[in-house]
Amino acid sequence: MEMSTISPLAPCMNPSSSSNETYFQSYNNHTHMCFNQIYATVAIEAVKKRRLNKVKRREVSADATQNQCAQTDIDKRNDALSWYDRIRDCVKKGFCNEAIRMYYQMQRADIEPDKMVFISLINACRSLSDLQVGRKIHQDIIAKGFEADVFVGTALSSMYIKCGRLDNARQVFDRMPERDVVSWNAIISGYSQNSQPNEALAFFNEMLIQGIKPDSFTVASVLPVCTHLLALEQGKQIHGYVIRSGFDCDVIVNNSLVDMYAKCGYVDIARKLFERIPKPSIVSWNAIIAGYSQNGYPHEALASFHKMQVQSIKPNSITVANILPACANLLALQQGKQIHGYAIRNGFESHVIVGTGLVNMYIKCGNVNFAHKLFQRMPKRDVVTWNSMIAHFSQNGHPDESLAFFKEMQVQGVKPDAFAVASVLPACAYLLALKQGKQIHAHVIRSGFESDVVVGTAIIDMYAKCGCIGIARQVFDKLSSRNVITWNAIILAYGIHGHGEDALALFSRMQRTGTKPNHSTFIGVLTACSHAGLVDKGLKYFECMKLDYGLTPKLDHYACLVDLLGRAGHLDEAYDIIKNMPLEPDANIWGALLGACRIHYNIELGEQAAKQLFELEPNNAGNYVLLSNIYAKASRWEDVAKLRTMMKERGVKKQPGCSFIELNREVHTFLVADRTHPQSENIYSTLETLDGQMKKAGYVPDTNLVLHNVEEEVKENILCSHSEKLAISFGIINTSPRTPIHIMKNLRVCNDCHNATKFISKIVGREIIVRDTKRFHHFQDGLCSCGDYW
């Protein structure tokens, strides 16, 4: 057997529903073809039988001595043949319900059906997707002893497949004493079209083992399975078999080959195969356009789109859905609009895959409002359509809208898939919406997405960014498979939570598993070293990425290195790194140095860093504020005033401090000295009480942080109304005792608030978790997880 070496391959993620329509277009009529093969074979057999019957009837008529009983039998047979013809003609003309009604009349007339009638009736049930009637006819087939017939069994298997009952189809197939190539084609095609590619491939391999030689229908059915699994090597073996068997002239087979190579990333081979097709069909053009569009060749996709029209091939809805991503990738809004117009004129806009493609195209081209309007007027939306909106808002700073779409999606009865979950979880993380994140995690468990590495990574990231590093680790440990992104997520999580040694232990474990680190891995490792003060280890890992893994450090890595040295007080070394680095330092690098100068109050280096930043980021108020802090600490109030004047002249406005806390699925926002909240009176009263208790416990306000030359009492009042303190007070009032309080701050936590929160955590006996722009602080029993090193 030429292909006996082929073996099943491991599963991959299913493609989106929009690509499924393209995916099966080259062979979605094969089940019909299989039935036609069955019908043609049986029809020949039936014609022979009828001719024999006619001969017998002539012989019986010629025999004048035949008795009356024999004559009655002949009349019955004549009646039966009439019924057979009528049922067959009804099914052939599409009058399937009438054919089934005639079958019941035939039964009442006590006329015995033969296998030809049963095959016609099975096809009628298949066309109607009428599982109930199909099962009744199956029972009659068993009663009449026809189930073992290869043609009847194949037809039954096809009927159950069409009705979505692969288990019944498999039972019929397994009970068949004899199977021909048509039988195997039906079961392979059925499993492949019902998103069970591994099973389809297993049947194909078993077919080869059984010594059944695949035909062109088999090949056209199994190639999309290889595409679905990205099983290129097996696809290549089948391609070789195609050439040896002379199937390379078959258009359907060629279309499947083009599609397979394109979806496996081998666009050049796909193009060469496409160019050898004498008369490419619409399916051929769709395959090559999709290949170009999905593999980063948008110009070639558009060129093919125009060329097919020049050759008088009219694009269909699949073509439009395939070409729209090319417009999106090129930000070619005008061409996208022209294709939209074509879709409207041809009635394609209402097709789900086209509507989804249009929504994506308008989003990526920046016309979000129109995309939203288009989304709203779509008559039908599938999970991919909803995913487009959820992902856009989640990835572009609109987490509230992302969560709103996710909720509405479920209200509309659309079940979120793995992509939807992975898209919305970052929105939960951004908003510190822990309860909603936990609910989505529960949905993941119920839906069986836990083993999905992308979803698992998103869950880890969500818990880590919501302050629950312990739960994040539990999720990580339970994952059955991990990729480099999963390792990066947990290493960075430990790093920003201040657990530097744990992060490095995870990095070592990652190395032992054979997972190769990438640039992002070392960002996490260096961040962990920086936040934990592990200077020597950080320097070692910086060299390790170059020497051991051949990774050239990027600007982000140098920023981490400067931050590592600067935080530890090695400001001159940090400055030397900047002066001698092979890349032009960017704002992140100078910002790391300026931040370190603020921590250690180095005016000279701080001024040099600020000078660079004022040129690179003239409108970033944070840089002016950091330098002002350095001047204020040194009581250089004139310089503070000059900076304030400079900001005013340049139109730079300081970003107000803002803190967030979630309560009962609602995010409460607090600004500095905010009195707009309905509970403001109670909030300030609680803070006043806490302030007295803190001072008794030894708290001293750090008034150096107030950038105004005013009395100390005024400075203390200003410090007392910082946004994170207001949020903490609100949390104490509105949450149960002993439960953690989660706060998010849009700026770096100031020294005074950091110190005050330590005192508050001990006084109220609560864990207070604060996430700022740089890291997490876990305050408990008067201590912070950062060890006052941040």
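Buried means under 20% relative accessible area, exposed over 50%, and partly exposed in between, with a 1.4 Å probe and protein chains only. The model is predicted: local features need pLDDT of at least 70, side-chain atom pairs count only at pLDDT 80 or more, and totals for chains, interfaces and linings use all residues. Residues are numbered from 1 along each chain as its sequence is written, and side-chain values use heavy atoms, with hydrogens and water left out.

**Exercise 1.** State whether Ser312 is buried or exposed.

*Solution.* Step 1: find Ser312 in the loop between α16 (298-310) and α17 (317-329); helices (H or I, at least four residues) and strands (E, at least two) are DSSP runs, numbered from the N terminus. Step 2: the relative accessibility of Ser312 is 65%, so Ser312 counts as exposed. Step 3: look at the backbone. Most residues other than glycine have a negative phi. Ser312, which is not a glycine, has a positive phi near 65 degrees.

**Exercise 2.** Classify Ala673 by its relative accessible area.

*Solution.* Step 1: Ala673 lies in the loop between β2 (666-671) and α37 (680-696). Step 2: the relative accessible area of Ala673 is 43%, so Ala673 is partly exposed. Step 3: phi of Ala673 is positive, about 60 degrees, although Ala673 is not a glycine.
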